[in-house]
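Work through the exercises below with the sequence and the model side by side, trying each task before reading its solution.

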Amino acid sequence: MASLAQLQGPLSGVRVADFSAHAAGPFAGLMLAELGAQVIKVESAARLDITRRPHIMYGKPPSSFEQVNANKLSACLNLKEPEAVALALELVSICDLVLENFRPGVMERLGLGYRQFRRVKPDIIVMSLSSNGQTGPERGYAGYAPMFAALGGLGHLTGYPDAPPVELRHAMDHTGGMVAAFCAVAALCARSPHPSSNKGGLGGISHGQHVDVSVRDMASAFIGPALLEYAMNQREARRWGNRDDASAAQGVYRCLGDDAWVSISVDSEEEWQGLRRALGDPYWAEDPRFGDAYQRWLNQNDLDLRLEEWTGQVTPWEATELLQRQGVPAFPSLSPDQLANDPHLLAREAFPVVKHPDKGSQRAVTPPWRFSSTPAQVDRWTPSLGEHNVEVFCGLLGLPAGRVTALEEKKVIW
């Protein structure tokens, strides 16, 4: 039997031209690379990915570039130059999928739109990830992660009742990237032949397609209950902070220690009884104000005060162990250093060490899934700018080494 190191990921054999930048698009490419696809990040010194640029405070590139670009190859093309655009089209001609997250219209103006790609690769799949989608009156609006939740309605539902809506930031970028990766895999399935069909792929087609993913639409898709509440009852959903609109106790409670917290969620009578047992069945639990779920919800201010009297005397881990033993959902709120040393995550090998012949070793974050036969994994260091120019342009495209050198001198490959 082959070892896990010898097994290939489920997308082995798929090649992706990744023109994306910043966070959401590169995160989609990272997920495809972790699943075994060969992902070629097309970038240039003429306009560095913002996460490659030195941080204004710390003087070195932020770690976010490392986070979303591991497992990829880096090839430089200065897309302001016609020769570079021609090379980009040649690269796409040997790829299965293109990933981009520019504003709608930018790729077309560069000569790298879906129509141009189809001329060189008729069955190409183009994944366009944008703030507002490829159509609609606001398609060309600029957008970053803090705005997506606001536009999609999630921000209005997130935060405390007496405070402004919350910007969800990187959660929106990364969730958008996950949706784009999921859609890319679905499009690949639709294109690939299926043994039970003589009509091409799973969707009955044998050609590629243009996939339009809007992070704004994605956020809106997550607020279905709020929309339904307004449509049926004309009631606006409100912000609940850490609480729930029906259950108590629900929240994050201060524990013994510096900035130490435990998250507790009680959603049933069985869990309430479990909480009572974990706390030693305190006298106040008999109070009629806590007699049933509705009364507990009405009196959750008092309930939270009582509960925090207990959590304040134990550490987050002690509270977790006592509550989980009684079937009550509870977990510490982990800081980054606690997360990196969490015994459960370490047992699942969530932070593998990736070795580089020149740069030494670095811990990475493994994908949040496990395949028994086709493992997804991080096995390649985040590339330096243009690190794989020779491998891509000489190896994949067959350009002579002298031609590549000449194009580098002309700042076409740059």
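**Exercise 1: a covered helix**

Helix α1 is mostly covered, since eleven of its eleven residues are buried, where buried means under 20% relative accessible area, exposed over 50% and partly exposed in between, with a 1.4 Å probe and protein chains only. The model is a predicted one, in which local features need pLDDT of at least 70 and side-chain atom pairs count only at pLDDT 80 or more, while totals for chains, interfaces and linings use all residues. Residues are numbered from 1 along each chain as its sequence is written, and side-chain values use heavy atoms, with hydrogens and water left out.

Task: list the buried residues of α1 and state what covers them.

Solution. Step 1: the buried residues of α1 are Ala-24, Gly-25, Pro-26, Phe-27, Ala-28, Gly-29, Leu-30, Met-31, Leu-32, Ala-33 and Glu-34. Step 2: their cover includes β1 (15-18), β2 (38-43), α2, β4, β5 and α8, the helices (H or I, at least four residues) and strands (E, at least two) being DSSP runs numbered from the N terminus. Step 3: just after α1, Gly-36 takes a positive phi of about 110°.

**Exercise 2: a glycine in a loop**

Task: decide whether Gly-208 is buried or exposed, and name its contacts.

Solution. Step 1: Gly-208 has its place in the loop between α8 and β6. Step 2: its relative accessible area is 3%, so Gly-208 is buried. Step 3: apart from neighbours within four places in sequence, Gly-208 is in contact with Tyr-114, Pro-122, Asp-123, Ile-124, Ile-125 and Arg-191.

**Exercise 3: the second largest pocket**

Task: describe the volume and the lining of the second largest pocket.

Solution. Step 1: on a 1 Å grid over the protein atoms alone, where a 1.4 Å probe is used for cavities, a pocket is an open set of points with protein on both sides within 12 Å along at least five of seven lines, and lining residues have an atom within 4 Å of a point. Step 2: about 840 Å³ of space lies in this pocket, a volume being the space filled by probe spheres set on the points, which are joined across faces, edges and corners. Step 3: of its 31 lining residues, Gln-67, Phe-351, Arg-363, Ala-364 and Val-365 lie nearest the centre. Step 4: at least two lining residues come from each of α1 (24-34), α2 (63-69), α8 (170-191), α15 (336-340) and β11 (360-363).

Key
Contact means heavy atoms within 4.5 Å.
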